[in-house]
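Please read the following points alongside the sequence and the model. They are meant for someone who has not worked with this structure before.

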Amino acid sequence: MTETHSTGVRGDSGPQVAQLVASRVLDVPDFPKPGVMFKDLMPLFADGAVFREVIDGIVAHHGRDAFDAVVGIEARGFVIAAAIAYATGVGVVPVRKAGKLPRPAYSASYGLEYGEATLEVHQDAFTAGHRVLVVDDVLATGGTAEATLDLVERAGGTVSGFTVLLELAFLEGRQRLAPRPVHALLTV
């Protein structure tokens, strides 16, 4: 359940964490194409103390022993996944854009809010039953997340959780992922 504070910020880890994330998001109009309002989280990544607090919050939410690997979705998800993997002592697995992985890979194509894309994961990325936490920066329409969760499962992993820093609720990505649970630090 998403908590709301009197300032109007809300997120699944409470208003304090939501406000922390909100304070480091910059809106960039017309990127990557006209009419799209890009939510830039680079200021959050650049602030070491804030980034540490966000990563610690994600780990606390899921629990240090709740997953065997962390999947980061290209490209900002790599930053988040690597930090969580380091903090918990587990491995990190990238889900990449098509053609970027050197070994046999599973692929999934999906629609974005502004186009089409294909993601891939190595076929040998997980052993059967490997518990996998999937992370990304933003949940919009849910196409990227849905494709990634499906790829993890096709590669033999079991999705133990899905976390994003920012959820754009008006695009209804969370509903697209149901019944899988979604953990968003900030929901707008």
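**Aromatic pairs and a histidine**

1. F31 is partly exposed, because its relative accessible area of 44% falls between the limits for buried (under 20%) and exposed (over 50%), with a 1.4 Å probe and protein chains only. F38, by contrast, counts as buried at a relative accessibility of 15%.

2. This is a predicted model, in which local features need pLDDT of at least 70 and side-chain atom pairs count only at pLDDT 80 or more, while totals for chains, interfaces and linings use all residues. Residues are numbered from 1 along each chain as its sequence is written, and side-chain values use heavy atoms, with hydrogens and water left out.

3. Rings of Phe, Tyr and Trp (its six-membered ring) pair if their centres lie within 6.5 Å, with planes under 30 degrees apart stacked, over 60 edge-to-face and the rest tilted; by this rule there are two aromatic pairs. F31 and F38 are edge-to-face, because their ring centres are 5.2 Å apart and their planes stand at 85 degrees. F45 and F51 also form an edge-to-face pair, at 5.6 Å centre to centre and 90 degrees between the planes, and both F45 and F51 are buried.

4. H122 lies in strand β8, residues 115-122 (strands are DSSP runs of E, at least two residues, numbered from the N terminus), and H122 is buried at a relative accessible area of 12%. Leaving aside residues up to four places away in sequence, H122 touches L101, P102, R103, P104, A105 and A155, where contact means heavy atoms within 4.5 Å. A polar atom of the H122 side chain lies 3.3 Å from the backbone nitrogen of R103.

Note on methods:
Helix = DSSP H or I, 4+ residues; strand = E, 2+ residues; numbered from the N terminus. Polar contact = N/O pair within 3.5 Å; in protein donor to acceptor, adjacent residues only side chain to side chain.
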